[in-house]
Every structure is written in C-alpha cells, then in structure tokens.
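This report examines a protein chain from its overall build down to single residues. Please study the sequence and the structure before reading on.

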Amino acid sequence: MSLLLTLILVGQAARHRTTQEVVTVYRQSISQYRRQVARREASVADHARTQRLLE
C-alpha cells in the first residue's frame, strides 16, 4: 500500500477516533512504510552484489 493511500485512510479514520489513536495509527503506518523501503533497498543491494559476483 502506498504511503499516500495510507495517509488518506488514516485521515478518514480520524473522524471516528481520538487524537492519540490517530497518532498511533500514523506512526505505525510510517514504520511500516520505512520497513518496506528498507526491504526494497536491501533487495536492490543484494541484487547488485550478485551481479558483481557474476561479472
């Protein structure tokens, strides 16, 4: 799920939640996004390493 979509969903959910709940969901969304980015970067680095080994 893209970060933008996540933020939109968090915004819609905010109407029915307390501020603390919204902040918690927002932080979880950011953490999840950072983990996805880290996994993608690790995958790219791993692929580059493999390519260098094959050269």
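## A Starting Question

Which residues does Ser29 touch, not counting residues up to four places away in sequence? With those neighbours set aside, Ser29 touches Thr6 and Val10. The model discussed here is a predicted one.

Ser29 belongs to helix 2, which covers residues 19-54. The relative accessible area of Ser29 is 10%. Ser29 therefore counts as buried, since buried means under 20% relative accessible area.

## The Chain as a Whole

The protein chain contains 2 helices and 0 strands. Of its 55 residues, 9% count as buried.

## Helix 2

Helix 2 is made up of 36 residues. From its first C-alpha to its last, helix 2 reaches 53 Å. This span is close to the 52 Å expected at 1.5 Å a residue.

Which residues of helix 2 are buried? They are Ser29, Ile30 and Gln36. Ile30, which is found in helix 2, has a relative accessibility of 16%. This value is under 20%, so Ile30 counts as buried. The C-alpha atom of Ile30 is separated by 9.2 Å from that of Leu7, although the two residues are 23 residues apart along the chain.

## Leu3 in Helix 1

Leu3 has its place in helix 1, which runs over residues 3-14. Is Leu3 buried or partly exposed? Leu3 has a relative accessibility of 24%. Because this value lies between the 20% and 50% cut-offs, Leu3 counts as partly exposed.

Leaving aside neighbours within four places in sequence, Leu3 is in contact with Ile30 and Tyr33. Ile30, one of these two partners, is a residue of helix 2. A further pair to consider is Leu3 and Gln32, which are 29 residues apart in sequence. In space, the distance between Leu3 and Gln32 is 9.3 Å, C-alpha to C-alpha.

## The Salt Bridge

How many salt bridges does the structure hold? The structure holds 1 salt bridge. Side chains of opposite charge can pair when their charged atoms come close. In this model, Arg49 forms a salt bridge with Asp46, and the closest N and O atoms of the pair are 3.4 Å apart.

Arg49 and Asp46 both lie in helix 2. They are 3 residues apart, which is about one turn of the helix. Arg49 has a relative accessibility of 43%, and Asp46 has one of 41%. Each value falls between 20% and 50%, so Arg49 and Asp46 both count as partly exposed.

Conventions: Residues numbered from 1 in each chain as written. Predicted model: local features only at pLDDT ≥ 70, side-chain atom pairs only at ≥ 80, totals over all residues. Heavy atoms only, no water. Helix = DSSP H or I, 4+ residues; strand = E, 2+ residues; numbered from the N terminus. Buried < 20%, exposed > 50% of the residue type's maximum accessible area, 1.4 Å probe, protein only. Contact = heavy atoms within 4.5 Å. Expected span 1.5 Å × (residues − 1). Salt bridge = Lys/Arg side-chain N within 4 Å of Asp/Glu carboxyl O.
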